[in-house]
Amino acid sequence: MEFTRAESFLHEGLLQSFELTKYILKTNVYPREPTPLKELREVTARHPGKLMSTAPDSGQLIGMLLKLINAKKTIEIGVYTGYSLLLTALSIPHDAMIIAIDPNKETYEIGLPVIQKAGVEHKINFIESQALPVLDILLQNKDNEGSFDFAFVDADKENYLNYHERLLKLVKVGGLIIFDNTLWGGTVAQPEEAVSEDRKESRRSIIEFNNSVSIDQRIEIALAPSGDGLTICRRIR
């Protein structure tokens, strides 16, 4: 299998091995990646912010989890061009629904033609906004509490704990909340002086978040070293 221009931005990542990363993608991920996701990955690879997209191996894991819990009502915080959003829409039933929140509609519209072509736009309620006000509005309606099966968060790291508290009220017991980038390029395990200035503030927020959820008795957790780190939280109370 030849790698296309969409792979031009691949880096060593958490595996610290470009060759091993390529091996995983070549043997396990890309052969099973749906055509619409491949197309959107190609489109995103031409965008300056391409590294913001969900890693394909992480996407594969998320897709399996969505099917395992038979998710039908989901929330996505942070959309970018929509790779994880399209993945979710392809993984949930025809009559399912996603509330997708992002303050930048322009990047969402980059991937929108692919989403429309895939025939899943009807599952998506895109809201152009910061996420916290939308979550607070949802929580004003008591019927929304515990009504969601799944949530995926890939947005501003400084608000991860704020998102977590609100999503724990919205997602049902037994439901999943997944946070992306929780290893932050491996910097969470590095001394602060070794981290570049542009990553320090988010690194501190991620470390605070990781420490908090590790002792949160309302959830079960697993931090999967996939992509840039996925923290999978299962609400148990």
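Me: Where is asparagine 181 found?

Reply: The model is a predicted one. In it, asparagine 181 has a positive phi of about 65° although it is not a glycine. Its place in the chain is the loop between β5 and α8.

Me: Is asparagine 181 buried or exposed?

Reply: A residue counts as buried under 20% relative accessible area. Asparagine 181 has a relative accessibility of 13%, so it counts as buried.

Me: What is the phi of tryptophan 184?

Reply: Most residues other than glycine have a negative phi. Tryptophan 184 is found in the loop between β5 and α8, and at 14% relative accessibility it counts as buried. Its phi is positive, in a residue other than glycine, and lies near 45°.

Me: How many aromatic pairs does the structure hold?

Reply: A pair of aromatic rings is described by the distance of the centres and the angle of the planes. The number of aromatic pairs in the structure is four.

Me: Is the pair of tyrosine 108 and phenylalanine 126 stacked or edge-to-face?

Reply: Planes under 30 degrees apart count as stacked. For tyrosine 108 and phenylalanine 126, the centres are 4.1 Å apart and the angle between the planes is 0°. The pair is therefore stacked.

Me: How many residues apart in sequence are the parts that this pair of tyrosine 108 and phenylalanine 126 ties together?

Reply: Tyrosine 108 is buried at 5% relative accessibility, and phenylalanine 126 is buried at 16%. Tyrosine 108 belongs to helix α5 (residues 105-117) and phenylalanine 126 to strand β3 (residues 124-128), so the parts tied together are apart in sequence by 18 residues.

Me: Which word describes the pair of phenylalanine 179 and phenylalanine 209, whose planes are at 55°?

Reply: Planes under 30 degrees apart count as stacked and those over 60 as edge-to-face, with the rest called tilted. The ring centres of phenylalanine 179 and phenylalanine 209 are 4.5 Å apart and the planes are at 55°, so the pair is tilted.

Me: Which residues do ring pairs link into a cluster?

Reply: Phenylalanine 179 lies in strand β5 (residues 171-180) and phenylalanine 209 in helix α8 (residues 197-214), so their pair ties together parts that are 30 residues apart in sequence. Both phenylalanine 179 and phenylalanine 209 are buried. The cluster linked by ring pairs consists of Tyr160, Phe179 and Phe209.

Me: How far from the ring centre of phenylalanine 148 is the charged end of lysine 73?

Reply: Arginine 41 lies over the face of tyrosine 30, at 3.9 Å from the ring centre. The charged end of lysine 73 sits over the ring of phenylalanine 148, and its distance from that centre is 4.5 Å.

Me: What is the bridge partner of isoleucine 221 in β7?

Reply: Strand β6 (residues 219-224) and strand β7 (residues 230-235) pair in the antiparallel sense over six bridges. They form a hairpin with five residues between them, and glycine 227 in the turn has a positive phi of about 60°. In β7, isoleucine 221 has as its bridge partner cysteine 233.

Me: Which residues does serine 58 touch, not counting those up to four places away in sequence?

Reply: Serine 58 is found in helix α3 (residues 56-68) and is buried, with a relative accessible area of 1%. The C-alpha atoms of serine 58 and glycine 229 are separated by 8.3 Å, with the two residues 171 residues apart along the chain. Beyond four places in sequence, serine 58 touches Ser226, Gly227 and Leu230.

Definitions and conventions:
Residues are numbered from 1 along each chain as its sequence is written. This is a predicted model: local features need pLDDT of at least 70, side-chain atom pairs count only at pLDDT 80 or more; totals for chains, interfaces and linings use all residues. Side-chain values use heavy atoms; hydrogens and water are left out. Rings of Phe, Tyr and Trp (its six-membered ring) pair if their centres lie within 6.5 Å; planes under 30 degrees apart count as stacked, over 60 as edge-to-face and the rest as tilted. Helices (H or I, at least four residues) and strands (E, at least two) are DSSP runs, numbered from the N terminus. Buried means under 20% relative accessible area, exposed over 50%, partly exposed in between (1.4 Å probe, protein chains only). A charge sits over a ring if NZ of Lys or CZ of Arg is within 6 Å of the ring centre and within 35 degrees of the ring normal. Two strands pair if DSSP finds at least two bridges between them. Contact means heavy atoms within 4.5 Å.
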